[in-house]
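Colleague: I have just been handed this entry and would like a short tour. Could we look at it together?

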Amino acid sequence: MRKLLPLLLLSLLWACAPRQIPVSQAAPTALPAVTRAAPTEARPQENSSATPTPGALTFPSPFSASWQEIASGLNHPTVISAAGDGLGRLFFVEQRGLIRIWQDGKLLPDPFLDIHEIVGSGGSEQGLLGLAFHPQFSRNGFFYVNFTDREGNTHIARYARSSESPNRADANSRLDLLKINQPYENHNGGSLAFGPDGFLYLGVGDGGSGGDPLGNGQSLNTLLGKILRLDVDSAAPYALPADNPFGSEVWAYGLRNPWKLAFDPLTGDLYLGDVGQGDWEEVDFLPAGTPGGANFGWNLMEGTHPYNGADSAELTAPVAEYAHGEGCSVTGGAVYRGAMPAWQGVFLYGDFCSGRIWGLLPQGASWTSLLLYQTDFNISAFGQDETGEIYLADYNVGRIYRLTPNP
């Protein structure tokens, strides 16, 4: 299934520009081959022939850092998150309904939260899919989860940290925010993230099947196929932000299956991976301060290609896409803001099937996506710790890796 085709480097116009894609070749002549072997074996050696061509000079050498295993023994991890409370912990979400804690280099035996009894994970795209900590978590102890129930419907709920231990949640503190009925068992989305405005953003899929048969992506009468935006501080369970564009929870629309959205912690820009139908995977982008109302095009378009309609100036084009010869399911990533200077500002994203990892950078008025790593990981999530370092989850074998500088 994994066809190693020549890399097409896509220089794409900004998200609001017309859908014309100049294509150029700018891949390194060699790539680090990253596998699930021991960390010392997975580390590539410096290779001068791997220096990117002049079109990609702003990218770091992929041989300057490698993916080092830090944790194992997880059951189908779907989220990597940090609480932002200064305790240096990472939280790993397991699809069946557990949240685990990694602290001081160890995976703690007891879960932070266990809700497997109410989570339905029978479908491959169902389960506990989202986790976001309130910006004031250290003060109020609130965190939010996105899961499908035993009937396959989506729930957004708030829980609270236990008053007895910072490493335990109060399972009885659940406050339901939203229930979204799902017509099919796939395309549930699942992402949760707090934006720089303090509002909670949710990525919701189009409801499933294939081709969006119910037309949910382009309909403003449903929450399916959308990015939702909630004010969780002004009312319980939530209020609608006054500037939501349609007088509802909907903030943006035209999405098929948004698998991971992330805000750049420095700039507040929003990045989003949207899983394609049969031919194209895409990465979408909205600069910080962009008003609501963006239409990302599904199911009129698949990436920049007509699917069930025609392109128009009202649609927000992706800033990167790749064909199914290079993978089959995009996993949205994170913008590096850690300690390695050369990696600053690089958005890292990957593909679940092929294990490829790309970097994405704006270059003038366009974007450049560069293949950086070829791995054998089933990449289900990227995440960041409190210092901006980036991690990824290998879904099938249940391991977590950190991008680490090579000596």
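This is a predicted model: local features need pLDDT of at least 70, side-chain atom pairs count only at pLDDT 80 or more; totals for chains, interfaces and linings use all residues.

Colleague: Where is tyrosine 336, then?

Modeller: Tyrosine 336 sits in the loop between β24 and β25.

Colleague: Is tyrosine 336 buried or exposed?

Modeller: Tyrosine 336 has a relative accessible area of 0%. Buried means under 20%, so tyrosine 336 counts as buried.

Colleague: What is tyrosine 336 in contact with, leaving aside its neighbours within four places in sequence?

Modeller: Its contacts are Trp343, Gln344, Gly345, Val346, Gln384, Gly388, Glu389 and Ile390. As for leucine 266, which is 70 residues away along the chain, its C-alpha atom is separated from that of tyrosine 336 by 9.7 Å.

Colleague: Changing topic: how many disulfides does the structure hold?

Modeller: The structure holds one disulfide. It is formed by cysteine 328 and cysteine 353, whose sulfur atoms are 1.7 Å apart.

Colleague: Which parts does that pair tie together?

Modeller: Cysteine 328 lies in the loop between β23 (320-323) and β24 (330-335), while cysteine 353 lies in the loop between β25 (347-351) and β26, so the pair ties together parts that are 25 residues apart in sequence.

Colleague: Buried or exposed, those two cysteines?

Modeller: Cysteine 353 is buried, with a relative accessible area of 18%. Cysteine 328 counts as partly exposed, because its relative accessibility is 30%.

Colleague: Now the largest nonpolar core: which of its residues touch the most other members?

Modeller: This core has 22 residues, and those touching the most other members are Trp67, Trp343, Leu348, Ile357, Tyr373, Phe382 and Leu403. Two or more residues each come from β4 (65-71), β26 (356-363), β27 (366-375), β28 (379-384), β29 (390-394) and β30 (399-405). The largest share, three residues, comes from β27.

Colleague: What is isoleucine 357 in contact with, again leaving aside neighbours within four places in sequence?

Modeller: The contacts of isoleucine 357 include Trp67, Leu348, Tyr373 and Phe382. Others among them are Leu370, Leu371, Leu372, Ile379 and Leu392. Apart from this core lies another, of 21 residues, among them Ala83, Phe91, Val145 and Ala169.

Conventions
Residues are numbered from 1 along each chain as its sequence is written. Side-chain values use heavy atoms; hydrogens and water are left out. A nonpolar core is a set of buried Ala, Val, Leu, Ile, Met, Phe, Trp, Tyr and Cys residues joined through side-chain atoms within 4.5 Å. Buried means under 20% relative accessible area, exposed over 50%, partly exposed in between (1.4 Å probe, protein chains only). Helices (H or I, at least four residues) and strands (E, at least two) are DSSP runs, numbered from the N terminus. Contact means heavy atoms within 4.5 Å. A disulfide is a pair of cysteine sulfur atoms within 2.5 Å.
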